[in-house]
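The following note is intended for a colleague who is meeting this structure for the first time. The points are to be read alongside the sequence and the coordinates.

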Amino acid sequence: MIRTKIIDVLKSEVSDKEFLIKGWVRTRRGNKQVNFIALNDGSTIHNLQIVADMEIFEEELINRVTTGASISVSGILMQSQGSGQSVELQAKTIEILGDCCPNDYPLQPKKHSLEFLREIAHLRFRTNTFGAVTRVRHAMIFAVHNFFTSKGFVNIHTPIITSSDAEGAGEMFKVTTLDLNNIPRCEDGKINYEEDFFGKATNLTVSGQLEGELAALALSDIYTFGPTFRAENSNTSRHLAEFWMIEPEMAFYDNNDNMNLAEEFLKYLINYAMNNCMDDLKFLSQRLIEEEKNKKAEERSMELLAKLKFVVDNEFVRLTYTEAIEILKNSKPNKNGQFKYPIKEYGCDLQSEHERFLVEKHFKRPVILSDYPKEIKAFYMKLNDDGKTVRAMDVLFPQIGEIIGGSEREDNYEKLTARMDQMNIPKEEMWWYLDTRRFGSVPHSGFGLGFERLMLFVTGMGNIRDVIPFPRTPKNAEF
Ligand code: 4AD
Ligand code: MG
């Protein structure tokens, strides 16, 4: 008999047909006459109820059907007598595939804190919450590829090991095979990277953008979707040292086209989740309500599905950095000293408290901020005619702050090299990047979506460590 997944069993009609089911036991309860087993195989948030008639099964066997054990069951689908499910499986055979040591198994059928579950990340896939998050994550990966494929974009694999620092922030993990106990040095005392594996200093990439631009300047519309690494020591609920980023890059797009695409993309992804992940989203919505039930009404977040629908149905507000600074400077929290980083003047970088104020309190909608001062943005962004600001754009979301960062790129060779000189970016090492500005340069734009930040928004989870299977954060690389 071929195994059927529980998601398909639950959609089946009651009949004489026999099913073979395999999965992990969530709970078992019962008495001398009958036992009820809740079985889950990860194909859906819902369990299948297995009914074991104790006239057929040995007590010894049923006693091994404990929480966490894996079993194989054959039986007939029946209309359920009890409440909570419409069908159940009347078992004919039960086989134990793997016993689960009941005294050691950390996942008991009760509520565990998310912090505790992080310590047992190897097992947390088996909880309702992580099952749901993981399935939604998959749906979002699929939707990303769908969206771009439908628009004729080409997916590019950019290198994970690089020798460049795309964002110029210097927050890179070094990649080396040098013996750290016996580092080869040059005469001037500096590390001799010529002896290293690649013959030069290398690091894990912080972004695939620079290589993405090379491809866009031939294929027109491309996107990358890969892991990126940042060695910033930010221990927040929105930062990971290893995260996944989607970076589209489009030839012949100006920054306005760029913003339009970013808005369309985010709405597509959220819509996709609502159309394809309803069971999991309903569960996650309920989870959030439970988690926040002790909070004051005004501190609670919007109900998850209502929040998703709200974003899809409303236009994002667009304004410039300069306009945002004016709003922030005159805002109540700024005047009352409630911001940790008070807004004093034009030119300061925006913190997440400011971004969230604009989105959650002032506009009550997602916001796209553009045209930031050049001093606080990367070297590759196109300079505006004012000579002061660059054609950057950040998309800001409720609860998250920055979800997307992007810009139109500087396509003029002279202006780009002048910026690099000002910012001390070595031009020799970037010869290949600069070549594109010499050989048929065109206006082009792109952006980066932090995939886990999208996941935070779609699932309503509060901590980025809980939307990626194995989070990498400062002092944590277990599993
Ligand atoms: O704003 P960022 O640094 O932009 C870039 O890397 C550009 N090269 C993108 C481009 O134009 N192609 O990062 C883009 C996004 C942020 O908006 C945020 O969502 C996410 O990546 N991000 C992080 N997510 C999790 N943990 C971190 N430490 C992150 N840093 C950035
Ligand atoms: Mg950014």
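1. Helices (H or I, at least four residues) and strands (E, at least two) are DSSP runs, numbered from the N terminus. The model is predicted, so that local features need pLDDT of at least 70 and side-chain atom pairs count only at pLDDT 80 or more, whereas totals for chains, interfaces and linings use all residues. Residues are numbered from 1 along each chain as its sequence is written, chains are lettered from A and ligands numbered from 1 in the order in which they are written, and side-chain values use heavy atoms, with hydrogens and water left out.

2. A nitrogen atom of ligand 1 lies 2.9 Å from a polar side-chain atom of Glu 232. A polar backbone atom of Gly 405 is 3.3 Å from an oxygen atom of the ligand, and a polar backbone atom of Phe 447 is 3.4 Å from a nitrogen atom of the ligand. The protein buries 93% of the 630 Å² that ligand 1 exposes when taken alone (Shrake-Rupley method, 1.4 Å probe).

3. Is Asp 41 buried or exposed? Asp 41 counts as buried because its relative accessibility is 10%, buried meaning under 20% relative accessible area (1.4 Å probe, protein chains only). Asp 41 is found in the loop between strand S2 (34-40) and strand S3 (48-53). The side chain of Asp 41 makes polar contacts with the side chains of Arg 3 (3.5 Å) and Ser 43 (2.6 Å); within protein, a polar contact is a pair of N or O atoms within 3.5 Å, one able to donate a hydrogen and the other to accept it, and residues adjacent in sequence count only if both atoms are side-chain atoms.

4. In helix H5 (residues 209-219), the buried residues include Gln 209, Leu 210 and Glu 213. Just after H5, Ser 220 takes a positive phi of about 75°.

Key:
Buried means under 20% relative accessible area, exposed over 50%, partly exposed in between (1.4 Å probe, protein chains only).
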